[in-house]
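Below is a short briefing on one chain, grouped by topic for quick reading.

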Amino acid sequence: MLRQIIGQAKKHPSLIPLFIFIGAGGTGAALYVLRLALFNPDVSWDRKNNPEPWNKLGPNEQYKVSYSIVSELLEGVF
């Protein structure tokens, strides 16, 4: 399959940006899912030793994006 992609890129050089952006999008999506699976406190991989990891978070720890953070970021952009 990689040989076919390289062959198409040689025949049609205008497809190279498409392959780059598709590859970057797929890689970004895979890394995002990996981050959610490994670092999200809602996911419990070790149910015997740590059945409820979300209970270990302190009252001041924030792990989800709230509306106030999003609105502050958008105010800076617009």
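**Briefing: fold, confidence and surface**

The chain holds three helices and zero strands, where helices (H or I, at least four residues) and strands (E, at least two) are DSSP runs numbered from the N terminus. Its order along the sequence is α-α-α. The model is predicted: local features need pLDDT of at least 70, side-chain atom pairs count only at pLDDT 80 or more, and totals for chains, interfaces and linings use all residues. Residues are numbered from 1 along each chain as its sequence is written, and side-chain values use heavy atoms, with hydrogens and water left out.

Confidence
- Mean pLDDT (the predictor's confidence in each residue, from 0 to 100) is 79 for the chain, with 67% of residues at 70 or more.

Annotated segment
- An unreviewed UniProt entry lists residues 15–38 as "transmembrane region"; positions follow the numbering used here, feature names are shortened, and annotations may be inferred rather than shown by experiment.
- Residues 15–38 are 96% helix and 0% strand, with 35 Å between the end C-alpha atoms.

Surface
- Of the chain's 78 residues, 4% count as buried (under 20% relative accessible area; exposed is over 50%, partly exposed in between; 1.4 Å probe, protein chains only).
- Leucine 31 lies in helix α2 and is exposed, because its relative accessible area is 54%.
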